[in-house]
Amino acid sequence: MRIGELAKATGVTTRALRFYEEQGLLTAARSRNGYRHYDESAIERVANIRYLLDSGLTMDDIRPLGSCLQGDLPSRRLSSSAVALVDRRLAVLDERIEALTRVREKLSSRAAASRGGVAGE
């Protein structure tokens, strides 16, 4: 299938598909005229890439998993290296949540003080 057909089948833009290819996560055969052609397994591969991105992983996180992007990824048991990766990502998210919570508390206190009340009112 051509890139436009893959984009339509997966709901992903052609730009994103080209980016996935640049990142080494998706491969396409090239015809004489340079058009990309993907086999049917590309649909599942793109779905798995989207699943991982939507789960909070980054492209840097996903790139090493390139060989594991086929099959029913959401129901597959994680390998020990994948669990370690998820744990690292969770730690980063926890740090961000803590930082955002501190910022929120400062803003809330500032707004409350400006209203003449206390935080949380």
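Modeller: A nonpolar core is a set of buried Ala, Val, Leu, Ile, Met, Phe, Trp, Tyr and Cys residues joined through side-chain atoms within 4.5 Å. Here the largest such core has 21 residues, and those with the most contacts inside it are Leu 6, Leu 17, Tyr 20, Leu 26, Val 46, Leu 52 and Leu 69. At least two residues of this core are supplied by each of α1 (3-10), α2, α3 (41-54) and α4 (59-62). The largest share, four residues, comes from α3. Helices (H or I, at least four residues) and strands (E, at least two) are DSSP runs, numbered from the N terminus.

This is a predicted model, in which local features need pLDDT of at least 70 and side-chain atom pairs count only at pLDDT 80 or more, while totals for chains, interfaces and linings use all residues. Residues are numbered from 1 along each chain as its sequence is written, and side-chain values use heavy atoms, with hydrogens and water left out.

Colleague: Why does Leu 26 count as buried?

Modeller: Buried means under 20% relative accessible area, exposed over 50%, and partly exposed in between (1.4 Å probe, protein chains only). Leu 26 counts as buried because its relative accessibility is 1%. Leu 26 is found in the loop between α2 and β1 (29-30). Its C-alpha is 7.4 Å from that of Arg 45, although the two are 19 residues apart in sequence.

Colleague: Is Ala 16 buried or exposed?

Modeller: Ala 16 has a relative accessible area of 18%, so this residue is buried. Ala 16 lies in helix α2 (residues 14-22). Ala 16 and Val 46 are 30 residues apart in sequence, with 9.7 Å between their C-alpha atoms.

Colleague: Where does the charged end of Arg 2 sit?

Modeller: A charge sits over a ring if NZ of Lys or CZ of Arg is within 6 Å of the ring centre and within 35 degrees of the ring normal. The charged end of Arg 2 sits over the ring of Tyr 35, 4.2 Å from its centre.
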